[in-house]
Amino acid sequence: MIRLRRVYDPPEPGADGVRVLVDRLWPRGLSKAAAAVDEWPRALTPSAELRTWFHAGGSAGEFRRRYEAELAEPEAVAELERLRSLAGSLTLLTAVKDPGTSHAAILAEHLAG
């Protein structure tokens with residue numbers, strides 16, 4: 001099972017499983033203890049270039065295409081396989097306000113696939 005949650009929400013022991021931060025940058029104002037992050041696979045986060053392009057006005061559809069191309073890179077593929085091999089559930093954590101419409105949702109699709 002793969003869940004999407006905001007990293008600022010308190011952990012839910014027993015429900016979260018392995019907590020995976022999927023943002024390139026550490027969330028502002030959040031201590032590592034409060035975040036309770038188990039994994040931070042930067043190879044699965046959108047690149048700095050992609051983030052910059054998107055925040056400068058890039059479209060969601062083109063973002064998806066470019067991010068999926070990044071997820072097809074060998075280092076990302078290896079990280080996807082490693083996370084898939086972890087027992088139990090995964091919770092993908094992001095600082096964005098709506099994780100369901102973010103890169104985390106695209107990543108969850110790839111992990112589930």
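E62 is partly exposed, at 23% relative accessibility (buried means under 20% relative accessible area, exposed over 50%, and partly exposed in between, with a 1.4 Å probe and protein chains only). Its salt-bridge partner is R66, and the closest N and O atoms of the two are 3.0 Å apart. A salt bridge here is a side-chain nitrogen of Lys or Arg within 4 Å of a carboxyl oxygen of Asp or Glu. R66 and E62 both sit in helix 3, four residues apart, about one turn of the helix. R66 counts as partly exposed too, at 30% relative accessibility.

A note on the model before going on. This is a predicted model, in which local features need pLDDT of at least 70 and side-chain atom pairs count only at pLDDT 80 or more, while totals for chains, interfaces and linings use all residues. Residues are numbered from 1 along each chain as its sequence is written, and side-chain values use heavy atoms, with hydrogens and water left out.

Helices (H or I, at least four residues) and strands (E, at least two) are DSSP runs, numbered from the N terminus. Searching the whole structure gives twelve salt bridges, and three of these pairs are set out here.

| Pair | N to O distance |
|---|---|
| E62 and R66 | 3.0 Å |
| E109 and R64 | 3.1 Å |
| D16 and R5 | 3.1 Å |

E109 in helix 5 and R64 in helix 3 link distant parts of the chain, 45 residues apart. E109 is partly exposed at 44% relative accessible area, and R64 is partly exposed at 30%.

The D16 and R5 side chains also meet in a salt bridge. D16 lies in the loop between strand 1 (2–6) and strand 2, and R5 in strand 1, eleven residues apart. Here both partners are buried: D16 has a relative accessible area of 2%, and R5 has 9%. These two also belong to a salt-bridge network with R3, E12 and R19.

Now for the nonpolar side of the picture. A nonpolar core is a set of buried Ala, Val, Leu, Ile, Met, Phe, Trp, Tyr and Cys residues joined through side-chain atoms within 4.5 Å. The largest one has 18 residues, of which V20, L44, Y67, L92, L107 and L111 touch the most other members. Strand 2 (18–21), helix 3 (60–71), helix 4 (74–85), strand 3 (90–94) and helix 5 (103–112) each give two or more residues to this core. Helix 5 gives the most, with five residues.

Leaving aside residues up to four places away in sequence, L44 touches Y67, L71, A76, E79, L80, L83 and L107, where contact means heavy atoms within 4.5 Å.
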